[in-house]
Amino acid sequence: MKRLISGLSAGVTLLAFGVGAAFAGDLPGKFDGVTIDAKLIGGQQYEALYTRIGEWEKATGAKVNILTKKNGFDIDKELKSDIASGSTSWCVGWNHSSFAPQYTGLYTDLSKLLPKSEIDAFVPSTIKAATIGGKLEMLPRAQFDVSALYYQKSLYENADNKTKFKAKYGYDLVPPDTWKEVTDQAEFFANPPNFYGTQFAGKEEAINGRFYEMVVAEGGEYLDKDGKPVFNSEAGVRALDWFVNLYKAKAVPAGTTNYLWDDLGQGFASGTIAINLDWPGWAGFFNDPKSSKVAGNVGVKVAPKGSSGKRTGWSGFHGFSVTENCPNKEAAASLVWWLTNEDSQKLEAAAGPLPTRTAVWEWDLKQAENDPYKKEVLSAFQEEAKHAFAVPQTPEWIEISNAVYPELQAAILGDKTSKQALDEAAAKATQILQDAGKL
């Protein structure tokens with residue numbers, strides 16, 4: 001566990017953190033007649049936690065009214081619309097370490113509403129990353145995200161596959177450790193339109209984040225030390241070419257440029273994808289015969305290396321926040337605590353997501369001792385956490401992503417060369433940062 005927590009610390013930016021006055025009541029508290037309006041992220045890997053809301057309502061006498069449940073990209077747009085229109089009197093909202101710098105002013109300081117002992121129970125690096133401008137703006141849920149490689153084990157155990165692959169590529173067929181090997185194997189396994197070597201999310205911040213980590217793995221930078229976009233480099237072209245070439249080879253589904261995370265999860269679970277870089281929250285889903293055709297056939301290992309020798313490791317975490325304009329901040333903070341407390345984190349971690357409370361990490365590792373698959377999952381993600389790194393810590397990250405991803409798509413679809421697309425994307429990103437007074 002110490003190695004994992006060290007990895008988490010490496011994957012987030014450390015910010016100043018101070019604790020103010022603590023909420024005096026006993027948690028979860030009593031809030032008879034109070035209704036908390038909430039805007040939450042939806043999707044397969046997030047839903048199980050919300051079954052605990054009824055228990056909080058029974059314990060506190062309050063009610064929760066879920067106004068919205070959308071994917072992270074759509075809820076981000078809704079939050080920004082609320083900020084622009086001044087419609088921020090709802091109380092509890094989704095947050096994420098990659099998105100949080102945009103929401104300063106929307107969310108209140110939870111360190112003034114919750115006991116210090118509860119805040120101290122989280123992995124310190126996540127609390128520091130959740131602290132924006134001295135305010136603890138969210139509590140992390142058991143959804144620390146860094147991606148590892150899932151693969152169908154039977155493909156690598158097949159003697160015929162081994163013979164043919166060795167004859168074609170000159171090395172043994174084993175689960176890949178480099179992105180060059182992923183390319184070879186994805187092309188080898190692909191048999192469109194029925195089976196594909198791999199896949200990737202192809203729009204929104206999802207493709208930009210994957211491109212960002214590939215740039216790092218290729219030895220490049222997304223923003224330089226002065227905050228200037230420099231991803232239109234040789235390393236950036238190599239990174240984008242990885243997506244372009246797999247698409248051109250038909251080693252990925254034709255619709256991948258419209259995929260987001262749920263599409264990838266369902267795709268791998270359908271049994272039609274050989275290799276899948278994905279988040280820990282899918283681990284249980286992939287190995288459950290009720291939801292997955294590859295259950296019992298799933299291998300998991302650390303993400304591959306790029307040509308620089310660095311592994312991909314784009315990371316972050318989900319959480320819950322309380323708005324500044326919430327009329328019942330104490331009740332809202334109680335709900336946020338409830339959804340991130342030990343019982344809630346154990347519920348989520350049991351399905352694969354990585355916890356953010358220290359004690360739940362210890363519990364999770366103990367649970368895995370007699371479960372070979374769970375042990376393999378935790379071992380892979382424990383190793384991957386050592387290579388984790390956050391997105392550039394600029395409030396303009398999402399705005400930049402929204403400008404960059406259509407250019408990445410244009411290259412993947414063959415409408416522009418990788419260099420043309422990246423030059424235009426870099427110019428757009430530079431303009432955004434200049435308009436924000438950052439350059």
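This is a predicted model: local features need pLDDT of at least 70, side-chain atom pairs count only at pLDDT 80 or more; totals for chains, interfaces and linings use all residues.

Trainee: How many helices and strands does the protein chain have?
Mentor: There are 19 helices and ten strands. The radius of gyration is 22 Å, close to the 22 Å from the globule rule for 439 residues, so the chain is as compact as a globular protein of that length.

Trainee: And what box do the C-alpha atoms fill?
Mentor: Roughly 70 × 55 × 35 Å, along the principal axes.

Trainee: What share of the residues counts as buried?
Mentor: 58% of the 439. The accessible surface is about 16700 Å². Carbon and sulfur atoms account for 50% of that surface.

Trainee: What about contacts between residues at least 6 apart in sequence?
Mentor: Of those, 77% join residues at least 24 apart.

Trainee: Which residues have the most contacts inside the largest nonpolar core?
Mentor: Tyr150, Phe211 and Leu240. That core has 135 residues. Its largest share comes from helix H18, residues 397-412, with nine residues.

Trainee: Let's zoom in on a helix. Which residues of H12 are buried?
Mentor: H12 spans residues 261-269. The buried ones are Trp261, Leu264, Gly265, Gly267, Phe268 and Ala269.

Trainee: Which residues other than glycine have a positive phi?
Mentor: Glu204 is one of them, with phi near 60°. Lys250 is another, at about 60°. Most residues other than glycine have a negative phi.

Trainee: Where do those two sit?
Mentor: Glu204 lies in helix H10. Lys250 lies in the loop between helix H11 (234-248) and H12.

Trainee: Buried or exposed?
Mentor: Glu204 has a relative accessible area of 11%, so it is buried. Lys250 is at 55%, so it counts as exposed. The cut-offs are under 20% for buried and over 50% for exposed.

Trainee: Switching to peptide bonds. Which are cis?
Mentor: Leu27 to Pro28 is one, with omega near 5°. Pro192 to Pro193 is also cis, with omega near 5°. Most peptide bonds are trans.

Trainee: Where are those prolines?
Mentor: Both sit in loops. Pro28 is between helix H1 (2-10) and strand E1 (35-41). Pro193 is between H9 and H10.

Trainee: Now Thr356. Where is it?
Mentor: Thr356 is in the loop between helix H15 (342-349) and helix H16 (358-367).

Trainee: Why does Thr356 count as buried?
Mentor: Because its relative accessibility is 0%.

Trainee: What is it in contact with, leaving aside neighbours within four places in sequence?
Mentor: Thr356 contacts Phe122, Val123, Thr126, Pro140, Arg141, Ala142, Phe144 and Gln345. As for Glu342, it is 14 residues from Thr356 along the chain, and their C-alpha atoms are separated by 9.7 Å.

Trainee: There's another threonine I marked, Thr183. Which helix?
Mentor: Helix H9, residues 179-189. Thr183 is at 14% relative accessibility, so it counts as buried. Beyond its neighbours within four places in sequence, Thr183 is in contact with Trp242 and Leu246.

Trainee: Last one, Leu106. Where does it lie?
Mentor: In the loop between strand E3 (92-96) and helix H5 (116-119). Leu106 has a relative accessible area of 5%, so it is buried.

Trainee: Which residues does Leu106 contact, sequence neighbours within four places aside?
Mentor: Ile83, Thr88, Trp90, Val322, Thr323 and Glu324.

Trainee: How far is Leu106 from Thr88?
Mentor: They are 18 residues apart in sequence. In space it is 7.4 Å, C-alpha to C-alpha.

Definitions and conventions: Residues are numbered from 1 along each chain as its sequence is written. Side-chain values use heavy atoms; hydrogens and water are left out. Helices (H or I, at least four residues) and strands (E, at least two) are DSSP runs, numbered from the N terminus. The radius of gyration is taken over C-alpha atoms; the globule rule is 2.2 Å times the number of residues to the power 0.38. Buried means under 20% relative accessible area, exposed over 50%, partly exposed in between (1.4 Å probe, protein chains only). Contact means heavy atoms within 4.5 Å. Accessible areas come from the Shrake-Rupley method with a 1.4 Å probe; for residues, only the protein chains shown count as cover. A nonpolar core is a set of buried Ala, Val, Leu, Ile, Met, Phe, Trp, Tyr and Cys residues joined through side-chain atoms within 4.5 Å.
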